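Trainee: I have a model open and would like to learn how to read it. Where do we begin?

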Amino acid sequence: MRLGVLDVGSNTVHLLVVDAHRGAHPTPMHSEKSVLRLAEQITPGGELAKAGADELVTAVESAKESAARLGCEELMAFATSAVREAKNSAKVLARVAEKTGVELQVLSGTDEARLTFLAVRRWYGWSAGQLLVLDIGGGSLEVAMGRDEEPVLAESLPLGAGRTTRTRFRHDPPTRSELVATSAWLDDQLTDLTRKVTKWGEPDRVVATSKTFRSLARLTGAAPSAAGPRVRRTLTDTALRQLLAFVSRMPSADLAQLEGVSSSRAHQLVAGALVAQATMRALGVPELEICPWALREGVILRRLDHSNGADETGAALVGRFGAQEDR
């Protein structure tokens, strides 16, 4: 079957279309995204601004039309931290549903961690042993750990690259004092996570997903995306430290010119690198591998697992075009 997954994140609205069936490897057929930066359109009162809600409606409608044009049998649509934390999220979601017929399911941070972990487990298989999975998004940091497909630990912390940029930096590039203070602050924020992860013993493999980690790995010498998803890519603490010394002195306009850095995320690259460095330091991780599968693939895999039955997450995310006519 052909499935569409619509991911409404802090930075982008991303549609991924795959051909897949239960027990098979999902094959990507199409990908498109709209840069909305919803997290930056939250008002001082904590609501998503009308302009942001308008843009979201337009982006969702466009993605729905693309999915229908490409022959998707189902469209699974979900939103993460930016919409989840907006005080007017219920009103925004109702408006999206009314205008587009697409009902966005808001994922909790824990569900993000669980579904991302599932994707990583399927990518590496059982031989990977105990996995420790890290994912830096725009609004949050997800961490999951375990030996099975369901992690024994699934945590979400408000330490995303975009959020850290907005709340910790006042200059572009950030000043030396901002960098030092943010690094110390991150160490403090991660103390409890260190205790929780240590409780479950040493991981056999540490894996990272997300655009932030992929960009950092690319900037430290990992193969470009053109080399394909199966090329082994890693990020070391030494390379990350050297990279930070370089990029932390550059304004975001210059960072956007670097290979592997998108213009929409360049302004949060330094904060993302600091979060990555602090997390690796807190967990005692000198090197991690980059996995090409993440949350969207986890949603797809969970849906396929339950293609002949109901599932509390997968079923809630599934929306059939037959039930999504404009109201």
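**Reading rings and strands**

Mentor: Begin with two residues: W123 and W293 are both buried. Keep in mind that this is a predicted model.

Trainee: How many aromatic pairs does the structure hold?

Mentor: There is one aromatic pair in the structure. The rings belong to W123 and W293; their centres are 5.2 Å apart and their planes stand at 65 degrees, so the pair is edge-to-face. The cut-off used here is that planes over 60 degrees apart count as edge-to-face.

Trainee: What does one need in order to describe such a pair?

Mentor: A pair of aromatic rings is described by the distance of the centres and the angle of the planes.

Trainee: Where in the chain do W123 and W293 lie?

Mentor: W123 is in helix α4 (residues 109-124), while W293 is in the loop between β11 (287-290) and α12 (295-305), so the pair ties together parts that are 170 residues apart in sequence.

Trainee: Now the strands. How do side chains point in a regular strand?

Mentor: They alternate between the two faces of the sheet. Here, look at strand β2 (residues 12-19), where seven of the eight residues are buried.

Trainee: Which strands pair with β2?

Mentor: Strand β1 (residues 2-8) runs antiparallel to β2, joined by seven bridges. L3, for instance, has V18 in β2 as its bridge partner. Three residues separate β1 and β2, which form a hairpin. Strand β3 (residues 27-35) also pairs with β2 in the antiparallel sense, over eight bridges. There, H14 has K33 in β3 as its bridge partner.

Conventions. Residues numbered from 1 in each chain as written. Predicted model: local features only at pLDDT ≥ 70, side-chain atom pairs only at ≥ 80, totals over all residues. Heavy atoms only, no water. Buried < 20%, exposed > 50% of the residue type's maximum accessible area, 1.4 Å probe, protein only. Helix = DSSP H or I, 4+ residues; strand = E, 2+ residues; numbered from the N terminus. Pairing = 2+ DSSP bridges. Phe/Tyr/Trp six-rings, centres within 6.5 Å; stacked < 30°, edge-to-face > 60°.
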